[in-house]
Structures are given as C-alpha cells and as structure tokens.
Amino acid sequence: MENRSSRRLLIALALAVAVLASLLAAVPVLADQGGTGLQPTVPNGDSPNGHNIYNLYLLISIPAIIIFLGVEIALVMIIVRFRATKRPAGFIPPQWHGNTKLEITWTIIPLLILLGIGALSFGELQRDFTKRTNAETQMNITVQGFRYGWRYQYQEDGLNFQSVGTTPTAMVVPVDTTIRIRTQGTDVIHGWWVPYLTGKTDAVPGYDNYTWIKPTKIGEYRGECTELCGPGHATMQLLVKVVSQQDYQAWVQQEKQHEAAAKATPSPSAAPSPSPSAAPSASPSASPSPSPSPSH
Ligand SMILES: [Cu+2]
C-alpha cells in the first residue's frame, strides 16, 4: 500500500518535470518564429562568433540541466521514501559523520567543472572581443553610441552616417566578409548587441572596444542598445543588413551619391555649419576622426 502510493507520487512528479522540460524546450522555437527576441537561450548566430557563443551555452547548460534534474529527482525520492510518518514512532536514523574521501571528491569535482567553464568562457571572450589582426580583417567599421542613436563610420569605403529612432537606419555589410567592429561611446556607456551575429559589446567613452562579425547568411538582423543609458535607451534600436558583394558595392555608390548631393545643396534639415556654438551634443558627426585613441 505504502509503496504503491509513493510510486504514484513519484510518477506524478516525473510527469510534471517532463511536461515542464518540454514546454521550456518549445519556447525558443516559438520565439524564433515570432522573431520577438524573447527566448531563454542565446540564438544560434549566423556569424562564427555568435555560433561559438551558442555552442558554449549548450555545452554548459545541458550538463547543468541534467545535474540539476538529477539532484532534484534524488531529493524528492528521498523525501518521499524516508518520510517521518512512515517510520516507527521515535525512530532515529543511523548517526554517522565524516568521510574524508567522499568530501574531497565532492569538492574537487565541482572545482574542476568551474575551472573548465571559466577556461572555456575566457577563450570565447578572447576570440570574440579582442581586436582582430589586420591580416584577419577585410573591413573596418567604427560604431559610436550616443544618446540616443548610433553613428557608423566605414573606414575603407569612407561612409559616415547615423541611425536614430525606433526604425533604425541599417548598417549594411557584405556577406562572408570579416568585419572588425570598433565600438565607442561619445557620452555615456552604451552596448552594441545584435544577438544573431555576436555578443554584447560595450561602447565606452574614451575607450575602444572591439568585436567582429563574419556574416554567413544574407538577411536582416535586429539588435538594440544593451546598457541602460538614459530615458531614450529603448529607442536605440539596431539593424544590420547583410547583402551580397554586388549589392554592397551598389549600396556604397548610392550612399556616396546621397552624401555628395546633401553637400551640394544644403537642405534646412542638414546641420547648419556657420554657427559653431549651436552644435547639438547628440551629433558627434563634426570631426572626421573622433577617436581619442590610436587608430587601427
Ligand atoms: Cu544606449
């Protein structure tokens, strides 16, 4: 009788865990389809570094989930099987203390696991968030965060434009190209994050941070500022548009024509140059080389 009720309880618990686990597993799929960005895992990136972050996430999370479930299931089984009401009145379990071998083992194993996670994470940070060498780099873009928008400077193609507001101007890049990205902040700390391409990279005033991307698929990738930088933080949306090499060249020519046309006929919307005192703080465009630190 007792055994049967314990078994039923265990089966019910196991079912609850299975249902919960399958629900959790379904969430990323649903989120991916909706493209909402609300998902418990990091996305599987369309750039080698984003992809590596995803692999590292799985490598750490899957064993962690298995260990968690193992511990919780064992705990529940012990609680149910050895509960006090099923023991004779005044029952005291065997009293024993100390087991040096066991204690050393259960200290060393977690230590090794943590050191392993630390080493893997450090390696990933080194690969993704240090300055790529010139030999590895095919293109350089400086991304400046300001309150509240982004400025993009293309070193090789000489483009310079900004993106402001919740319908962002795309940072257009060619597919299969290693792009070194330097991030800077012009006022406070911002964070440049396009989850499907790479991890979060802070844009810090007076300091250059580096990341890189090598997009493997043509498409549009959304992102946003990930450092709370002020009341307009939520409007600092990001868009990266990955296009073919030909489309990229066409886009560069088109941008250059736009820039030339804007210079030839200064429209009222363009920043008026004759009043130096009226330079708005949110427009760091005036200086062609605003980097406070050594160039690439
Ligand atoms: Cu920001």
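This is a predicted model: local features need pLDDT of at least 70, side-chain atom pairs count only at pLDDT 80 or more; totals for chains, interfaces and linings use all residues.

Let me begin with an open sheet of five strands, whose order is E3-E2-E1-E5-E8 and whose pairing is mixed. Strand E3 (159-164) and E8 are at its edges with a single partner strand each, so one side of each is left without a neighbour in the sheet. From one strand to the next, the twist averages 25 degrees.

Residues are numbered from 1 along each chain as its sequence is written.

Helices (H or I, at least four residues) and strands (E, at least two) are DSSP runs, numbered from the N terminus, and two strands pair if DSSP finds at least two bridges between them. Axes are lines fitted to C-alpha atoms, for helices over the stretch in contact, and angles run from 0 to 180 degrees between N-to-C directions.

Within that sheet, E1 and E5 pair in the parallel sense over seven bridges, and the bridge partner of Thr142 is Arg182 in E5.

There is also an open sheet of five strands with the order E4-E10-E9-E6-E7, again with mixed pairing. Its edge strands, each pairing on one side only, are strand E4 (171-174) and strand E7 (201-203). Here, too, neighbouring strands are turned by 25 degrees against each other on average, direction ignored. Strand E6 (residues 190-193) pairs with strand E9 (residues 219-225) in the antiparallel sense over two bridges, and Trp192 stands opposite Cys225 in E9. Helix H4 (residues 245-264) lies across E4 and strand E10 (237-243), and H4 runs at about 140 degrees to E4.

Which residues touch the most other members of the largest nonpolar core? Of its 22 residues, they are Val143, Ile179, Ile181, Val194, Leu197, Tyr221 and Val240. Such a core is a set of buried Ala, Val, Leu, Ile, Met, Phe, Trp, Tyr and Cys residues joined through C-beta atoms within 7 Å; a residue is buried if 20 or more other C-beta atoms lie within 10 Å of its own, exposed if 12 or fewer, and partly exposed in between, with C-beta atoms placed from the backbone. The largest share of this core, three residues, comes from E10. Leaving aside neighbours within four places in sequence, Val143 is in contact (C-beta atoms, placed from the backbone, within 7 Å) with residues including Trp150, Ile181 and Trp192.

Val204, in the loop between E7 and strand E8 (209-213), is partly exposed, because 17 other C-beta atoms lie within 10 Å. Not counting residues up to four places away in sequence, Val204 touches Gly185, Ile189 and Asn209.

Helix H3 (residues 100-128) is hardly covered, with one buried residue among its 29.

Finally, a word on confidence: pLDDT, the predictor's confidence in each residue from 0 to 100, has a mean of 83 over the protein chain, and 81% of the residues reach 70 or more. Over residues 270-296, however, the pLDDT is below 50, and this stretch has 17 contacts in the model beyond near neighbours in sequence.

Technical notes. Two residues are in contact if their C-beta atoms, placed from the backbone, lie within 7 Å.
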